[in-house]
Amino acid sequence: MGIIEEIKDRARKVRKTIALPETMDKRIYEAAVRIVEEDFADVVLIGTPEDVEKYGAGYDLSKVRIVNPFTDPNRQKYIDKFVELRAKKGMTPEKAEQQMTEDYMYYACLMCKCGDIDGVVSGACHSTGNTIRPALQLLKTVPGISSVSGFFIIEVPNCDMGHNGRFIFADCAVNTDMDSQKLAEIAMLSAESFEEFIGDDPKVAMLSYSTKGSASHADVDKVAEAVKIAHEMYPGLVLDGELQLDAALVPEVGELKSPGSPVAGHANTLVFPSLEAGNIGYKLVQRLAKANAYGPLLQGLSLPVNDLSRGCSAGDIVGVVAMTAVQAQLADR
Ligand code: ACO
């Protein structure tokens, strides 16, 4: 069974409600119908009757809840919540009403914040920045976490590295200004994401172009410092670095370059030193190794919101909704 089918089975057991606010895109309707047919989550679409009539024509939406942000009885509750959360940033009831009806992602995040839904999936026709900014502003991070980051579940066919070809890669999507403190935090969150979605033995490699001092540069120092911080802050974490990618993944190279490391040669959770490296790295594996790359999923956010690629298919949306439902279960704990 592929990882997405496993995740759907888990989602089915917890039955969460996920909102899809992009009702101006046909793929959303196709995905919504498939989700309720596969019966692993409840779906809320946010849109006007005109949106639904125009883009959702021909789909059987009888089992999908549709919330019209202009007539929803909960609308005033969301305006009040928006003002409460953003008053210090100058939010007024008038601005709140305008923003959440012009951009349904804000509406969806407010529904989530008020506990009326369990998670949000968007980004089929919005950029990553525009998708995640409302979530960062309204939902904020888990207490004790400074930054939200973006990870991928990578599934490489016919691969005996990682966890039978399965990996977590991070940060591939969010932080443009990476420092040692953030890298250490991303390492811990990525290990948790590994445990949530893949298995119970995360082995985290802090990647660099240097292995244990083989090169010297400020970029190498940044990763080495992150390793030190991570060991101090999260002593239970199985983590090592700085490691080159081959030392992280290939047992013989790991043994040669970093003998005795608990991670080298056996890493299954890869933390990249910058957003460029992470974003380019996952796409290389996806395109050249024909790996499945599921994400970017967000980690460190207080409630589950996930981004879609604008090139996504309805099937991709179905998969991300299943993963979001599983994250919603974990957010309950
Ligand atoms: N974690 C938590 N909160 C954050 C983070 C973060 N990583 N980044 C920003 N915030 C918060 C800020 O504190 C701020 O909160 P406030 O309004 O309450 O003070 C709010 O989010 C907005 O922050 P800004 O600094 O104004 O940031 P901006 O809105 O310009 O951008 C964003 C934030 C969207 C995450 C930006 O960093 C970004 O665009 N990152 C890259 C996204 C991207 O293009 N990724 C690659 C494509 S994805 C792919 O290929 C799969």
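Buried residues are those under 20% relative accessible area, exposed ones are over 50%, and partly exposed ones fall in between (1.4 Å probe, protein chains only). The model is predicted: local features need pLDDT of at least 70, side-chain atom pairs count only at pLDDT 80 or more, and totals for chains, interfaces and linings use all residues. Residues are numbered from 1 along each chain as its sequence is written, and side-chain values use heavy atoms, with hydrogens and water left out.

Helices (H or I, at least four residues) and strands (E, at least two) are DSSP runs, numbered from the N terminus. The buried set consists of Y104, M105, Y106, Y107, A108, C109, L110, M111 and C112. After α6 comes G115, which has a positive phi, near 80°.

The ligand is considered next. A residue is near a molecule or strand if one of its heavy atoms lies within 4 Å of it. The ligand is surrounded by 21 residues, and the closest are R86, R133, K140, V148 and A173. Polar contacts are pairs of N or O atoms within 3.5 Å; within protein, one atom must be able to donate a hydrogen and the other to accept it, and residues adjacent in sequence count only if both atoms are side-chain atoms. A side-chain N or O atom of R86 is 2.7 Å from an oxygen atom of the ligand. V174 uses its backbone: an N or O atom there lies 2.9 Å from a ligand nitrogen atom. A polar side-chain atom of N279 lies 2.9 Å from an oxygen atom of the ligand. Taken alone, the ligand exposes 1000 Å², of which the protein buries 63%. These accessible areas come from the Shrake-Rupley method with a 1.4 Å probe; for residues, only the protein chains shown count as cover.

Two or more residues of the shell around the ligand come from each of α7 (128-138) and α12 (275-288). Helix α7 gives the most, with 6 residues. By class, the shell has 8 nonpolar, 8 polar and 5 charged residues. Here Ala, Val, Leu, Ile, Met, Phe, Trp, Tyr, Cys and Pro count as nonpolar, Asp, Glu, Lys and Arg as charged, and the others, Gly among them, as polar. Domain 1 (3-140 + 303-331) and domain 2 (149-288) each supply at least three residues to the shell. The domain bounds come from an automatic or database domain assignment.

T131 is found in α7. This residue is buried, with a relative accessible area of 1%. T131 and L308 are 177 residues apart in sequence, yet their C-alpha atoms are 8.7 Å apart in space.

A nonpolar core is a set of buried Ala, Val, Leu, Ile, Met, Phe, Trp, Tyr and Cys residues joined through side-chain atoms within 4.5 Å. The largest such core has 63 residues, of which L20, L45, I153, F197, M206, V321 and M323 touch the most other members. Helix α13 (residues 314-331) contributes the largest share, 10 residues. At least three residues of this core come from each of domain 1 and domain 2.

Helix α8 (residues 180-197) holds K182. K182 counts as buried at 14% relative accessibility. Its side chain makes a polar contact of 2.9 Å with the side chain of D177. Another polar contact, of 3.4 Å, joins the side chains of K182 and N175. E185 also lies in α8, and counts as buried at 8% relative accessibility. The C-alpha atoms of E185 and E195 are separated by 16 Å, with the two residues 10 apart along the chain.
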